[in-house]
Amino acid sequence: MVALANTHFAICSSSSSISIFVSSFLSRATRRPPLSFPPLLTPTTARSTSVCFSTLSNMDGTAGPTLFPLHRCKTLHLVRHAQGIHNVEGEKDRKAYLSPKLFDAHLTPLGWQQVDNLRKHVHSSGIAKNIELVITSPLLRTMQTAVGVFGGESYVDGVKAPPLMVSNAGNSDRPAISSIDCPPFLAVELCREHLGVHPCDQRRSIQEYKPLFPAIDFSQIESDEDILWKADYREAKEEVGARGMEFINWLWTRQEKEIAVVTHSVFMFHTLSNFGNDCHPGVKKELCKHYANCELLSVVIADRGMRGSDISKTNFPGKIPGGPDPPSEVADEYQKKKGVPNSSA
């Protein structure tokens, strides 16, 4: 797909009242050195336009531009977790995904390098300073990725604020990560990986996670134990997609306008597959793919069904102070009623 500066690409679903706009190129931390990521549209640029490609042109049947009010949009930065031990073992033998040894898989040393690379990118691109909330799937590999990419600097003893992650958490050799000078972190079950059968996708109890990630908010998770993962039932792909749509709809209950979501490749694939059906095939292809470890995709979601109740913070009513200001067409109609000839005739 050709990239257009200062433009969002809409990923639209004919069965949904929500549109998703792709507002960045993709970042593959696994394939590039730290500072060689392709350029992203900055959050400032993303706010400067509401143009997307979602409607069909009557001229040639290709995707044409559409406008949405900016206050009915949210910017999402979707991130797949970094390399986990299950990724390495599964590459060797797919049956390894059934191994209990991979329960709640943690990041590999290479995965932490990917985290460091993506962290440099989100800071150099300006993304980090605009994120108001980080949502993470409550598994070791996603929480490690989330705090490593979007968290504060190394934690210093004596600081009153609890760390996002304590040192060496989840079989890592990493120092503690600070919760200072970074957005709040929220764990959400809806954006978990494909549920069931694979032990690597089963989470620990929340009581086990809390000492490891003291500053992550687990209040959205109702059950301490993992009641969603079943040893004998693998969630259907359609169920993953439906759960993804529930997650997207839930986002409209949040007040934050720019949110990072650290999740999983299968969840991203089946959720985003709900969109783009009435767009150019290239847009659909760009969105519906399996994402690499630590790959980032920035999108804008538009509330087409007015489910949210946000009020614009940038619109201005005009006519302050008041005074005559009729557009020329209105003025012409007024003059006609008075019997005054049209001066433009």
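A contact here means heavy atoms within 4.5 Å of each other.

**Figure 1. An overview of the whole predicted chain.** Among the contacts in the chain with a separation of 6 or more, 74% join residues 24 or more positions apart. This is a predicted model, where local features need pLDDT of at least 70 and side-chain atom pairs count only at pLDDT 80 or more, while totals for chains, interfaces and linings use all residues. Numbering runs from 1 along each chain as its sequence is written, and side-chain values use heavy atoms, with hydrogens and water left out. The secondary structure comes to nine helices and 11 strands; helices (H or I, at least four residues) and strands (E, at least two) are DSSP runs numbered from the N terminus. Of the 345 residues, 53% count as buried, a label for under 20% relative accessible area, with exposed meaning over 50% and partly exposed in between (1.4 Å probe, protein chains only). The accessible surface comes to about 16,900 Å², and carbon and sulfur atoms hold 55% of that; the areas come from the Shrake-Rupley method with a 1.4 Å probe, and for residues only the protein chains shown count as cover.

**Figure 2. Strand 7 and its two partners.** Let's start with a strand that is covered on both faces. In strand 7 (residues 133–136), Leu133 and Ile135 lie on one side and Val134 and Thr136 on the other, and all are buried. Strand 7 pairs with strand 10 (residues 258–263) in the parallel sense over four bridges; two strands pair if DSSP finds at least two bridges between them. Within that pairing, isoleucine 135 stands opposite valine 261. Strand 8 is also a parallel partner of strand 7, over three bridges, and here valine 134 faces phenylalanine 185.

Figure 3. Which helix holds threonine 145? Look in helix 4, residues 140–150. Threonine 145 is buried, at a relative accessible area of 0%. Leaving aside residues up to four places away in sequence, threonine 145 touches Val79, Arg80, His81, Ala82, Leu107, Val115, Val262 and Cys294. Cysteine 294, one of these neighbours, is itself buried at 0% relative accessibility. Cysteine 191 is buried too, with a relative accessible area of 0%. The disulfide count comes to zero, where the rule asks for a pair of cysteine sulfur atoms within 2.5 Å.

Figure 4. Arginine 192 and aspartate 226 meet through their side chains in a salt bridge of 2.7 Å, N to O. The term stands for a side-chain nitrogen of Lys or Arg within 4 Å of a carboxyl oxygen of Asp or Glu. Arginine 192 lies in the loop between strand 8 (185–187) and helix 5 (206–209), and aspartate 226 in the loop between strand 9 (216–217) and helix 6 (237–251), so the pair ties together parts 34 residues apart in sequence. Both residues, arginine 192 and aspartate 226, are buried. A network of salt bridges links Glu189, Arg192, Arg203 and Asp226. How many salt bridges does a search of the whole structure find? The search finds 13.

Figure 5. Glutamate 89 and lysine 92 form a salt bridge at 3.6 Å, N to O. These two sit three residues apart in helix 2 (residues 85–92), so about one helical turn separates them. Glutamate 89 is partly exposed at 33% relative accessible area, whereas lysine 92 is exposed at 64%. In the second example, aspartate 325 bridges to lysine 319, with the closest N and O atoms 3.8 Å apart. Aspartate 325 is partly exposed, with a relative accessible area of 48%, and lysine 319 counts as exposed at 53%.

Figure 6. The structure holds three aromatic pairs. Rings of Phe, Tyr and Trp (its six-membered ring) pair if their centres lie within 6.5 Å; planes under 30 degrees apart count as stacked, over 60 as edge-to-face and the rest as tilted. Tyrosine 209 and phenylalanine 218 form a stacked pair, 6.3 Å centre to centre with 10° between the planes, and both are buried. Phenylalanine 247 and phenylalanine 267 have ring centres 5.9 Å apart and planes at 75°, so their pair is edge-to-face. Phenylalanine 247 lies in helix 6 and phenylalanine 267 in helix 7 (residues 265–272), so the pair ties together parts 20 residues apart in sequence.
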